[in-house]
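The sequence and structure come first, and the comments follow.

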Amino acid sequence: MTATVGAGTMRALAKVEAGPGVELIERQVPEPGPGEVLLRVDAASICGTDLHLFQWDEWAAENLVPPRILGHELAGTVVGIGPGVSRVREGDLVGVESHLFCWECAQCQRGEMHLCRDLRVIGVHVDGGFAEHVVIPEANAVESNGLDPAVVALQEPMGNAVHAAFAEPIEGRTVLVTGCGPIGLCAVGIARAAGAALVVATDTEPYRLDLARTMGADLALDASDPGTEARIMEATGGDGVEVVLEMSGSPRALDQALRVITRGGRISLLGIFNGAVPIELSESVIMQGLRLHGIFGRRIYDTWERTQALLRSGALDVTPIITHRLDLSEWPKAFELLASRHAGKVVLLP
Ligand SMILES: [Zn+2]
Ligand SMILES: [Zn+2]
C-alpha cells in the first residue's frame, strides 16, 4: 500500500527561525513511512503551548529546533497509508494523541506511555498540524468518525481534563474547578456529565465565567472576590468541596482551593505553575488527609475511550467551548484572540 497523496505542496504555519513569531510557508506534502498515516488536516486548535512557542520563551527555546510546523491538537482524514498500517483506513476521520512514545522505556513497558521517559510532542519535536497535511504514527490516530472535526481536535486537551476528573470517582461528589480556560471548561462539562453533585468554577475573567455557566457550572465565581470562599462553603453546607480540579496554574487558586476543600478530599493538579509554589503542607495537606494527584497528558488509550464515550453518548456537548473557527491564513487574529483571554478554543481550519 502506498500514499494516495504525496506529491505537491501545502500551506503550513511554521516557526522558521529561533525567535518570536511564526510564518505561513509552502512545504512539500510529506509521505507516510512504515507504520505511519498521512492526514488531510480538517481542524487544528491553538493551545497555550503554541502561544509559548509563538512568543519564544525559555521553554520554547529549549524544546523546539526550527524549522518546525506547529500544531498538536488536530483532527484529520486519512488520505495516505504507509507500509504495515493495518488498523486505520483511508477516509477515517481521526483525532490525534499528540505525545509520541518510545514503547521501550520502563514506563512504556508498564503501560504508562503518557509518562514515557523519551516523550516527544507533535508540533514541537516533529512537524505538526497547522498545515494542510501531516504525517503521524498509526498508533497516535484515534478513530473519530461522525464527530465534528473541531470537536475531534478538542479531544486532545479535553483528554487532559478527563484524566484529571477521573483520577478518583467524581459521581455524586462536590467539585471545584479552578481556572476556566478551555481545559477547565471541559472539566466543568465532564464533572456535570459524570454526575457530580455540585460543580463550582472559579476564574477572574467574566467572559470565561459565563462560558463555565454554559458548560453547566452551578456556581461560577470570581476568584478575586473576597466573598467567594464563603459562597463555596455555604454551597457545600459548611463542609467544603470533595474534589478540586486545578486547571489554572495559579498559586492563589491553589491556596484558595486548600481553604475550601473538605478533610480527606482530593486535588487533581493539571495547571502548570510558573516556578516553585509555597504551600503549607503540615496543617493544610497532611493533617487534612488530602490526596494530591499530578496529572500529565492522557492515559493511552483509557482516557481516549472515556472521552469518546462522553462525546458519543450525548452526555457532554463541548461545542460552546469552541468560540472561533478561522482559516489558516487568519493565524494573526487567532493568536491575538488567545492572548486576549477573550476566547474559548480557537480552531484553525486548514
Ligand atoms: Zn495543547
Ligand atoms: Zn517510553
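1. Throughout this note, contact means heavy atoms within 4.5 Å. The model is a predicted one: local features need pLDDT of at least 70, side-chain atom pairs count only at pLDDT 80 or more, and totals for chains, interfaces and linings use all residues. Residues are numbered from 1 along each chain as its sequence is written, chains are lettered from A and ligands numbered from 1 in the order in which they are written, and side-chain values use heavy atoms, with hydrogens and water left out.

2. Domains. The domain assignment divides the chain into domain 1 (9-156 + 299-349) and domain 2 (168-294); such bounds come from an automatic or database domain assignment. Taken over C-alpha atoms, the centres of the two domains are 28 Å apart. Their contact involves 15 residues from domain 1 and 14 residues from domain 2.

3. The six-stranded sheet. Helices (H or I, at least four residues) and strands (E, at least two) are DSSP runs, numbered from the N terminus; two strands pair if DSSP finds at least two bridges between them. Six strands form an open sheet with parallel pairing, in the order E13-E12-E11-E14-E15-E16. Strand E13 (219-222) and strand E16 (291-294) are at its edges, each with a single partner strand, so one side of each has no neighbour in the sheet. On average, neighbouring strands of this sheet are turned by 20° against each other, direction ignored. Axes here are lines fitted to C-alpha atoms, for helices over the stretch in contact, and angles run from 0 to 180 degrees between N-to-C directions.

4. Detail within that sheet. Five bridges pair strand E11 (residues 174-178) with strand E12 (residues 198-203) in the parallel sense. Within E12, Val 200 is the residue opposite Leu 176. Helix H7 (residues 228-235) packs on the sheet and touches E11, E12, E13 and strand E14 (241-246), its direction making about 160° with that of E13.

5. The three-stranded sheet. A second open sheet has antiparallel pairing and the strand order E2-E1-E4. Its edges are strand E2 (23-28) and strand E4 (68-69); each has a single partner strand, so one side of each is left without a neighbour in the sheet. Strand E1 (residues 9-15) is joined to E2 by six bridges in the antiparallel sense. Ala 14 has Glu 23 in E2 as its bridge partner.

6. Zinc ion (ligand 1). Which residues coordinate the zinc ion (ligand 1)? They are Cys 47 (SG), His 72 (NE2) and Glu 73 (OE), at 2.1 to 2.4 Å. Donors are N, O and S atoms within 2.8 Å of the metal (3.2 Å for Na, K and Ca); water is not among the atoms, so sites may look incomplete. Along the chain, the donors of this ion follow the spacing C-x24-H-E. Cys 47 lies in the loop between strand E3 (36-45) and helix H1 (48-55), while Glu 73 lies in strand E5 (residues 73-81), 26 residues apart. Buried means under 20% relative accessible area, exposed over 50%, and partly exposed in between (1.4 Å probe, protein chains only). Cys 47 is buried because its relative accessibility is 14%, and Glu 73 is buried at 1%.

7. Zinc ion (ligand 2). Four cysteines supply the protein donors here: Cys 102 (SG), Cys 105 (SG), Cys 108 (SG) and Cys 116 (SG), lying 2.3 to 2.4 Å from the ion. The site is tetrahedral, with angles of 103 to 119° among the four donor atoms. Four donors count as tetrahedral if all angles lie between 85 and 135 degrees. The spacing of the donors along the chain is C-x2-C-x2-C-x7-C. Cys 102 is partly exposed at 24% relative accessible area, whereas Cys 105 is buried at 13%.

8. E18 pairs with E3 in the antiparallel sense over two bridges, and runs parallel to E17, to which five bridges join it. His 324 is part of strand E17 (residues 322-327), and its bridge partner in E18 is Val 346. Not counting residues up to four places away in sequence, His 324 touches Tyr 207, Leu 337, His 342, Ala 343, Lys 345, Val 346 and Val 347.

Key. Tetrahedral: all angles 85-135°; square planar, octahedral: opposite > 155°, others 65-115°.
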